[in-house]
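Please keep the sequence and the structure in view while reading.

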Amino acid sequence: MAIIAEDIPPEDPGVGSTESDDLLPGLGGSVSWCWDFDFAALLDAVTGPAPWLRATEADSPDEARKTAGSATGESACPVAGRGAGPQAGSSAEPVPTESADPEAESRADLATEEIADPEADEAAFQEAVEAGRARELPLEFVAGRVSENLPTGPGLAGWLALARAADLEDGALAGVAASFRRLASWAAAGELAAVAQIASRSARTDRRAGVDAAGRPDRVTADAAGQVALALAMSHDGASAWTDLGVVLGWRLRATGAALAAGEIDLSRARMIARVTGSLSDEAARQVEAAVLGQAGWLTLGQLHAALRRAVIKADPEGAERRRRRAERNAAVVLYPEDEGTATLAGYALPGVQAAAAMARITALAKAMKAGGNGGQIDFVRAQVFLGLLLGTLPYIPPSPDAPPDADQPPDADPPPHGRPDDWPQQPDDWPQQPDNWPQQPDDWPQQPECGGDLGAEDPAPEPGLDHESMPGAGELTGPSWPWPEVLPYLPSGTGALAGLRPLGGAGGLLNLTVPLGTLTGASSAPGQLSRLGVITPGQARQLANLAAGHSATRWRMVVVNPDGEAIAVTHLPRLRSTGMGSGEDGAIGLIGRVTLVIRTDQLTPVAGHDPPAEQRHGPAPPAPPATAAMASILERARAAAGRAAAAAAERRREDEQSGGCGHGLASSAYRPPPRIAELIIARDCTCRFGPCRRPAELCDLDHVIPFDQGGLTCSCNIGGKCRQHHQLKQHPRWSVAQPVPGVFRWTTSAGRTYITRPDTYLT
């Protein structure tokens, strides 16, 4: 047991604090928690019935917790922020209570005074244990019984540190799990309180920001977002949103912040309350908060979302329609990667009526495909229809076997819009299929109401005519499923808005592929990289590279890297006039605009009489499918061009060694970097040089570390890629950036903390 001295003076709660400090009860002022319990209550908890087996007549979850707390003497432990203890910043003096039996208390005090010899007490205890009158209880047993009724804070953390799951009683496991969740909420509240203070203090020094009398900033400054991003390894947008949440819970929705700190709600629920009330005024937001917060911790996320929506409409009924129209203007289609090489393509904030109508059409087509012989589950077939409609390669859907005999006969199959050669690579047999487990939704995404929940718009009751195939137990395979819609090397034209679609400004395509040379030759199993999606499997990379080789507008770039994977040279292949395929696709938009081949120096064309070293493998490389004639020709030319670029890079390296640093062999007298410098910087940096930022370097500003007008050179040793946001942050008067060696950047924040960003490397 830890005993806290009562004579330690509390720290002045007014020094350096604002109202947001109450977000984390128990941390302000002196150490004001304890692990002590009323001894009789503690004995009752560990020797009597388990707390989770005790009957209670409580009418609400709050009363149930209070009743359970009395069994472990919670009221006897002075914990800041609870009704029975002192507030944050106050002394830890125990609350005086009146004894029900003064004589018994006197006898207990006398007995305590008589036991003055610890060794004798220990001997007496051991004798009692041997005689069976007493027994030792492991701390894990005690922790399992008392932790779920302790308030959040260091005391709870101390007990949970003793609660090893393998040694707990069966009934204690759920309570300990819930206690860890409450402790995580308390820790998240502490983190949010810290980032809120970063925002408040940064705003005080920013002439474009303001702070009210309570310390609440009117915005999250770039300085604050930058500090949080570097400290917590977040993107700029993620850091801004996280800091804004801390500000909201510290000032606007203080009750929600306090509930998070007390463990009454978790972070997902706090986020949802803040998000759903974000469009309301402060007064209306607090009305909604008061309406839902009392039960928020006992509702599922779906139930809480429904309750919030009802409360928001009630608080501001006139604004509901206005907010809906404004939200529709933020509609977007997003693509993000999932596990096992799959991806999610989704539309957000779409008009509800149009989205429901689109889903109905997808479902109708999917049912027609199933009736025509597609044996996939209904969700799987919907996904095939979805992609086929968007790609323009949805296959012909034959009539069902029980169609009327006079049904329209299928027309003769038309050739593809631009034809394909006979040797065009087919979709591989191992092309990724539907994953076993559908991607999980975000933690704070509204869930469907569960059994006994509110069946509303979130989960309408089944009615005749609705799609019952998508319900649990339906949609089993009834036969072989059809293959995925075909991917063409170009975007086929079509009717309506797609008629007459032409290339955009000579861009050549819409996606960029990065792939190691060894992956294409089958010597390596290193993954590829696809813009808009991220890491892809070697099989996907080879398929896309073959598609790119079949389109004459594709640009081919070679990045030569050293054995450590750092870029040292960049070159390009001259674009061919035509692939000679006779496909007639030259006027169509290509799917792949640029392919970047990553080639190690030891993979270049060997000198006569010398064989290249063995390939560097990333696990066993599966056999690669035979390359098309177009791909084989491209790889041969790419090796030769990369060899010439590597030789020039080796000559520059010798000049750098002779000069004792950068020899400025590529330097330019112009302010704007010429292509020979720009392309090398983009390949070297890959992304913005602000550590957590992943914006591609080709979309960034090529910034002089030492300003050009102050003598800074336009050279690779003085230039780095920075997105516009972090380019402006670098110019903040209290921030600084240095490049001690080419490609290595040292950022120093306004608070004096330093972070190093090193060059990105390529997998080969």
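The model is predicted. A search of the whole structure finds 23 salt bridges, and three of these pairs are described here with the surroundings of their residues.

**A link between separate parts of the chain**
- Glu140 and Arg164 form a salt bridge in which the closest N and O atoms are 2.2 Å apart.
- Glu140 belongs to helix α5, whereas Arg164 sits in the loop between α6 (154-162) and α7 (170-204), so this pair ties together parts that are 24 residues apart in sequence.
- Glu140 counts as buried because its relative accessibility is 14%.

**A pair within one helix**
- Asp379 and Arg382 meet through their side chains in a salt bridge, at 2.6 Å from N to O.
- These two residues are three residues apart in helix α16 (residues 378-391), so about one helical turn separates Asp379 from Arg382.
- Asp379 is partly exposed at 44% relative accessibility, while Arg382 is buried with a relative accessible area of 9%.

**A network**

**A buried pair**
- The side chains of Asp266 and Arg269 form a salt bridge of 2.8 Å, N to O.
- Asp266 counts as buried at 10% relative accessibility, and Arg269 counts as buried at 14%.

**Negative charge on the surface**
- A surface patch of negative charge gathers Asp117, Glu119, Asp121, Glu122 and Glu136.
- Glu136 is placed in the loop between α4 (118-131) and α5 (139-146).
- Glu136 counts as exposed because its relative accessibility is 57%.

Notes
Residues are numbered from 1 along each chain as its sequence is written. This is a predicted model: local features need pLDDT of at least 70, side-chain atom pairs count only at pLDDT 80 or more; totals for chains, interfaces and linings use all residues. Side-chain values use heavy atoms; hydrogens and water are left out. Patches are made of residues with over 30% relative accessible area and no salt bridge: like charges are joined within 9 Å, nonpolar side chains (Val, Leu, Ile, Met, Phe, Trp, Tyr) within 5 Å. Accessible areas come from the Shrake-Rupley method with a 1.4 Å probe; for residues, only the protein chains shown count as cover. A salt bridge is a side-chain nitrogen of Lys or Arg within 4 Å of a carboxyl oxygen of Asp or Glu. Lys and Arg count as positive and Asp and Glu as negative; His and the chain ends are not counted. The place of a charge is taken as NZ of Lys, CZ of Arg, CG of Asp or CD of Glu. Helices (H or I, at least four residues) and strands (E, at least two) are DSSP runs, numbered from the N terminus. Buried means under 20% relative accessible area, exposed over 50%, partly exposed in between (1.4 Å probe, protein chains only).
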